[in-house]
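Please go through this model by element, then by residue. The sequence and structure come first.

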Amino acid sequence: MDKAKIIADLNHLLSLEYAAYIGYQTTAAMLVGDHAPYWEGIFTAMSADELNHAGQLRERIVALGGLPTTRVADVPVDQDPKRFLEKMLSLEHEAHKRYLKLYKEVPLDHLVLRETAEHIAKDEERDIEEIERLLTKTKK
C-alpha cells in the first residue's frame with residue numbers, strides 16, 4: 001500500500017468533508033422566509049454527519065502517520081435551498097466516488113481503513129438519495 005498516496009487521498013476527502021460541513025452550517029444560517037426553519041433543521045442535521053466523517057478521516061490519517069489537512073475545499077453556499085442542494089449533490093457525488101475508489105485501493109489487511117471508507121461511502125450514498133428526495137420537494 002502506498003501510504004503517501006492514501007494519506008493524500010484521505011486529506012482530499014477531509015477537505016471535502018470540511019467544505020460540506022461549513023456549507024450546510026452557513027446556508028442554514030443564511031436562510032430567510034417562512035420555510036427557513038424547515039431547511040435549517042435539515043441542513044444542521046446533515047452538517048453533523050459531515051463533521052463526524054471529518055473526525056473519522058483525521059483518525060485514519062494520524063494512524064497512518066500523516067498530518068491531517070486544515071485546507072477546506074470550495075464551500076458551496078446559497079440562500080436558495082434548491083440551488084444549494086444542487087451544489088451539494090455535486091459535492092456528495094464527488095465524495096462518494098472518491099470513497100469507493102479508496103475502498104478498492106486499500107488492501108484487505110487494513111480492515112479499519114477499509115471499513116471507514118465503506119461506512120462513509122454508504123453515508124454519502126444515503127446523502128445523495130436524501131438530497132435527490134429533497135430536490136423533488138423544491139420543484140415548482
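Which residue just after α2 takes a positive phi? G65 does, at about 90°.

## Basis of the model

This is a predicted model: local features need pLDDT of at least 70, side-chain atom pairs count only at pLDDT 80 or more, and totals for chains, interfaces and linings use all residues. Residues are numbered from 1 along each chain as its sequence is written, and side-chain values use heavy atoms, with hydrogens and water left out.

## Overall fold

The protein chain has four helices and zero strands. Read from the N terminus, the order is α-α-α-α. Helices (H or I, at least four residues) and strands (E, at least two) are DSSP runs, numbered from the N terminus.

Along the principal axes, the C-alpha atoms fill a box of roughly 50 × 25 × 20 Å. The radius of gyration of the protein chain is 16 Å; a compact globule of 140 residues would be near 14 Å, which agrees. That radius is taken over C-alpha atoms, and the globule rule is 2.2 Å times the number of residues to the power 0.38. Buried residues account for 45% of the 140 residues. Buried means under 20% relative accessible area, exposed over 50%, and partly exposed in between (1.4 Å probe, protein chains only).

Helix α2 covers residues 36–63, 28 residues in total. At 1.5 Å a residue it should span 40 Å, and its end C-alpha atoms are 41 Å apart, which agrees. The expected span is 1.5 Å times one less than the number of residues.

D80 sits in the loop between α2 and α3. Its relative accessibility is 24%, so D80 counts as partly exposed. D80 and A36 are 44 residues apart in sequence, yet 9.9 Å apart in space, C-alpha to C-alpha. A polar atom of the D80 side chain lies 2.8 Å from the backbone nitrogen of R83. A polar contact is a pair of N or O atoms within 3.5 Å; within protein, one must be able to donate a hydrogen and the other to accept it, and residues adjacent in sequence count only if both atoms are side-chain atoms.

N11 belongs to helix α1. N11 is buried, at 13% relative accessible area. A polar atom of its side chain lies 2.6 Å from the backbone nitrogen of T69. S15 is also in helix α1. At 0% relative accessibility, S15 counts as buried. The backbone oxygen of H12 is 2.7 Å from a polar atom of the S15 side chain.

Y99 is in helix α3. Y99 counts as buried, at 0% relative accessibility. Its C-alpha atom is 5.3 Å from that of A121, 22 residues away along the chain.

## The cavity

How many cavities of 30 Å³ or more does a search of the whole structure find? It finds one. The largest cavity holds about 40 Å³ of space. On a 1 Å grid over the protein atoms alone, a cavity is a set of points where a 1.4 Å probe fits but cannot get out; lining residues have an atom within 4 Å of a point. Grid points are joined across faces, edges and corners, and a volume is the space filled by probe spheres set on the points.

The lining consists of L16, E17, A20, E50, L91, E92, A95 and E124. Helices α1 (3–30) and α3 (81–105) are the elements that give two or more residues to this lining. By class, the lining has four nonpolar, no polar and four charged residues. Ala, Val, Leu, Ile, Met, Phe, Trp, Tyr, Cys and Pro count as nonpolar, Asp, Glu, Lys and Arg as charged, and the others, Gly among them, as polar.

Technical notes. On a 1 Å grid over the protein atoms alone, a cavity is a set of points where a 1.4 Å probe fits but cannot get out, and a pocket is an open set with protein on both sides within 12 Å along at least five of seven lines; lining residues have an atom within 4 Å of a point.
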